[in-house]
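Have the chain open as you read.

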Amino acid sequence: MDQGNNSRRIEFVLHGLSGPRELQLFYFAFFTFFYSSVVLGNLLIVLTILSEPALHTPMYFLLSNLSFIDLCLSTFATPKMIVDFLKENKTISFEGCMAQIFFHHAFTGGEMMLLVAMAYDRYVAICRPLHYAAIMNVHKCSGLVMGSWLFGVLHSLSQLVFTVKLPFCGPNKVDSFFCDIPLVIKLACTDTYTLEVLMLLDSGLMGMIFFLLLIISYTVIMVTVRCQSSVGMAKAWATLTAHVTVVTLFFGPGLFIYAWPFSNFPIDKFLSIFYTVFTPLLNPLIYTFRNKEVISAMQKLRRRQVSS
């Protein structure tokens with residue numbers, strides 16, 4: 001039997017958060033609570049923006065799509081991790097493993113580009129306010145969102161096209177709660193040095209470039225805001241600090257993991273949990289607690305639900 005067929009028959013063992021039975025039950029309750037909060041929080045933002053006409057603006061349109069991607073990012077692997085806390089054998093099929101890799105990179109790549117789109121939106125709003133309505137029209141906003149999803153899918157396929165052809169015929173233990181490329185390709189029974197270099201360029205270097213461009217862009221925008229003093233600029237400053245916080249929380253853990261794909265640090269497992277479980281929860285908290293318009297719209301939505 002050839003190695004290709006062996007790869008399709010293999011099952012990977014996910015070594016997530018291990019421990020005695022009591023600790024596994026605690027993890028089950030803990031992550032069930034956090035995942036439920038992620039789902040409810042991001043769905044609330046999406047529904048609030050859709051239901052409130054005052055929030056039908058480019059910034060909130062992009063924010064609602066960010067919440068949707070965050071919801072997807074936390075869903076591709078977290079429910080399985082929660083169920084696995086109740087199981088003795090935490091296994092996943094080859095096909096399931098490749099699916100997790102695809103969705104992981106599709107959603108992270110899409111969110112990366114969407115954060116760039118949000119930075120562009122803030123640049124136009126603050127640096128070219130008189131042309132904002134003309135530049136950030138419906139077609140432009142829809143194109144930015146569609147482009148983000150397309151970029152995410154293409155980025156994911158570029159990662160998957162080589163991984164899916166690797167022969168797996170030996171070790172099958174993945175030291176994480178989901179299949180991630182740096183860990184999976186190390187299990188292949190062939191030399192993966194070239195693939196690791198390609199992954200470093202495709203994910204690590206690209207992520208670093210996007211992160212630096214975003215930080216430089218927001219720095220330029222913040223300098224522009226500081227040079228202008230008004231109530232509107234104070235509001236813009238609060239919005240910008242929220243954006244920068246989200247960008248840092250999203251890129252930080254991923255860059256640490258993918259900038260050094262040749263090494264596997266114990267903290268990598270916890271960073272993976274952070275940006276797939278906790279960051280999607282922090283994003284709605286950061287945006288809603290600092291945004292009176294969103295809070296007001298949520299209160300209106302609640303009153304409508306109570307009255308109906």
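Predicted model: local features only at pLDDT ≥ 70, side-chain atom pairs only at ≥ 80, totals over all residues.

Residues are numbered from 1 along each chain as its sequence is written, and side-chain values use heavy atoms, with hydrogens and water left out.

**The sheet**
- Three strands make an open, mixed sheet in the order β2-β1-β3 (strands are DSSP E runs of at least two residues, numbered from the N terminus; two strands pair if DSSP finds at least two bridges between them).
- That leaves β2 and β3 as the edge strands, each pairing on one side only.
- β1 (residues 11-14) runs antiparallel to β2 (residues 91-93), with three bridges joining them.
- Within that pairing, Glu11 has Ser93 as its bridge partner, and Val13 has Thr91.
- On β3 (residues 173-174), β1 pairs in the parallel sense over two bridges, and there Val13 partners Lys173.

**Faces of β1**
- Phe12 and Leu14 sit on the covered face of β1, while Glu11 and Val13 are on the uncovered one.
- In a regular strand, side chains alternate between the two faces of the sheet.

**Asp180**
- Look for Asp180 in the loop between β3 and α8 (181-184).
- Asp180 is buried (under 20% relative accessible area, 1.4 Å probe, protein chains only).
- Beyond neighbours within four places in sequence, Asp180 contacts His104, His105, Ile257, Tyr258 and Tyr275 (contact means heavy atoms within 4.5 Å).

Notes: Buried < 20%, exposed > 50% of the residue type's maximum accessible area, 1.4 Å probe, protein only. Helix = DSSP H or I, 4+ residues; strand = E, 2+ residues; numbered from the N terminus. Lys, Arg positive; Asp, Glu negative; His and termini not counted. Salt bridge = Lys/Arg side-chain N within 4 Å of Asp/Glu carboxyl O.
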